[in-house]
Amino acid sequence: MSLLKIRTYPDPVLKKKALPVESINGDLQELIDSMVETMYAAPGIGLAAPQVGESKRLIVVDVSSKEGDIPLIVLINPEIIQSEGRIVSEEGCLSVPGYVSTIPRAEKVYVKGHDREGNPIEIEATGLLARALQHEIDHINGTLFVDRMSPIKREFFRKRYLRRLRETA
Ligand code: NI
């Protein structure tokens, strides 16, 4: 286990559609443990493999520090199979530090995938868990929350964010 470097916008790995995980082996278990450790250390409530430079369809989510008594979720090759409703709420991302925005998301999602042992799992989620799952699954499709902002807001964000990057470089 080790702390991994979190890639930040505009790192190109964040824009890539990640590849499915094909075998669950020791390397993958190590990556999962390191991602969990990195998420807690950040601290964050979710992390997707592309955020640590691994273009794989793998996410970890733990919203228990903010909402409910929900255990850590490790999902391999997750897929949203159904979504319902719409809710607008504030969101941020470890790969876009220092920036939050209100983003529309489905209110309820059904997600299927595999757990870290490879067993198929299905999750029905609402509230912050639903939002976090959608956010992390976006990551493995190369989508950042800023891509879900209105074009005007996004342009404003881009200018401000890139200016700040230049100033702190
Ligand atoms: Ni994120």
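Modeller: Start with one word. A residue is buried if its relative accessible area is under 20%. Keep that in mind as we read this predicted model.

Colleague: Which residues of β2 are buried on each side?

Modeller: First the general idea. In a regular strand the side chains alternate between the two faces of the sheet. Now the case here. L58 and V60 are buried on one side of β2, and I59 and V61 are buried on the other. Both faces of β2 are therefore covered, given that buried means under 20%.

Colleague: What is the order of the strands in the open sheet?

Modeller: Read a sheet from one side to the other. Here the five strands run β1-β2-β3-β6-β7, and the pairing is antiparallel. The edges are β1 (46-48) and β7 (120-126), which each pair on one side only. From one strand to the next, the twist averages 35°.

Colleague: How many bridges join each pair of strands?

Modeller: Go pair by pair. Three bridges hold β1 to β2, with A48 opposite I59 of β2. Between β2 (residues 58-61) and β3 (residues 73-84) there are four bridges. There, L58 has I76 as its bridge partner in β3. Six bridges link β3 and β6, and E79 faces K112 of β6. Seven bridges join β6 to β7, and K108 stands opposite T126 of β7. The hairpin of β6 and β7 has five residues between the strands, and G118 there takes a positive phi near 95°.

Colleague: Which helices pack on the sheet, and which strands do they touch?

Modeller: Look for contacts, then for direction. Helix α1 (residues 26-41) touches β1, β2 and β3, and its direction makes about 40° with that of β2. Helix α2 (residues 127-140) touches β1, β2, β3, β6 (108-114) and β7. The direction of α2 makes about 155° with that of β2.

Colleague: Now the inside. Which residues have the most contacts in the largest nonpolar core?

Modeller: In soluble globular proteins, nonpolar side chains tend to be buried together. In this model the largest nonpolar core has 18 residues. The residues with the most contacts inside it are I59, V61, L75, I123, A125, L129 and L133. At least two residues come from each of β2, β3, β6, β7 and α2. Helix α2 gives the most, with six residues.

Colleague: What does L133 touch?

Modeller: Set aside residues up to four places away in sequence. L133 then touches I59, V61, L75, V111, I123 and A125. Another core lies apart from the largest one. It has 14 residues, including L28, I32, L47 and I76.

Colleague: Is V52 buried or exposed?

Modeller: Check the cut-off. V52 has 10% relative accessibility, so it counts as buried. V52 sits in the loop between β1 and β2. Leaving aside neighbours within four places in sequence, V52 is in contact with L4, K5, R7, L31, M35 and L47.

Colleague: How do I read a metal site? Which atoms coordinate the nickel ion?

Modeller: The nickel ion is coordinated by SG of C93, NE2 of H135 and NE2 of H139, at 2.0 to 2.2 Å. Along the chain these donors follow the spacing C-x41-H-x3-H. C93 lies in the loop between β4 (87-92) and β5 (100-105), while H135 lies in helix α2. The two are 42 residues apart, and the pair links distant parts of the chain. C93 and H135 are both buried.

Colleague: Last topic, the rings. How many aromatic pairs does the whole structure hold?

Modeller: A search of the whole structure finds four. A pair of aromatic rings is described by the distance of the centres and the angle of the planes. Take Y9 and Y161. The ring centres of Y9 and Y161 are 5.3 Å apart and their planes stand at 70°, so the pair is edge-to-face.

Colleague: Why does the pair of Y9 and Y161 tie together parts that are 152 residues apart in sequence?

Modeller: Because Y9 lies in the segment before α1 and Y161 in helix α3 (residues 151-168). Both Y9 and Y161 are buried. One aromatic cluster takes in Y9, Y99, F157 and Y161.

Definitions and conventions: Residues numbered from 1 in each chain as written. Predicted model: local features only at pLDDT ≥ 70, side-chain atom pairs only at ≥ 80, totals over all residues. Heavy atoms only, no water. Pairing = 2+ DSSP bridges. Axes fitted to C-alpha atoms, helices over the stretch in contact; angles between N-to-C directions. Contact = heavy atoms within 4.5 Å. Core = buried A, V, L, I, M, F, W, Y, C linked by side-chain atoms within 4.5 Å. Buried < 20%, exposed > 50% of the residue type's maximum accessible area, 1.4 Å probe, protein only. Donors = N, O, S within 2.8 Å, 3.2 Å for Na, K, Ca; no water. Phe/Tyr/Trp six-rings, centres within 6.5 Å; stacked < 30°, edge-to-face > 60°.
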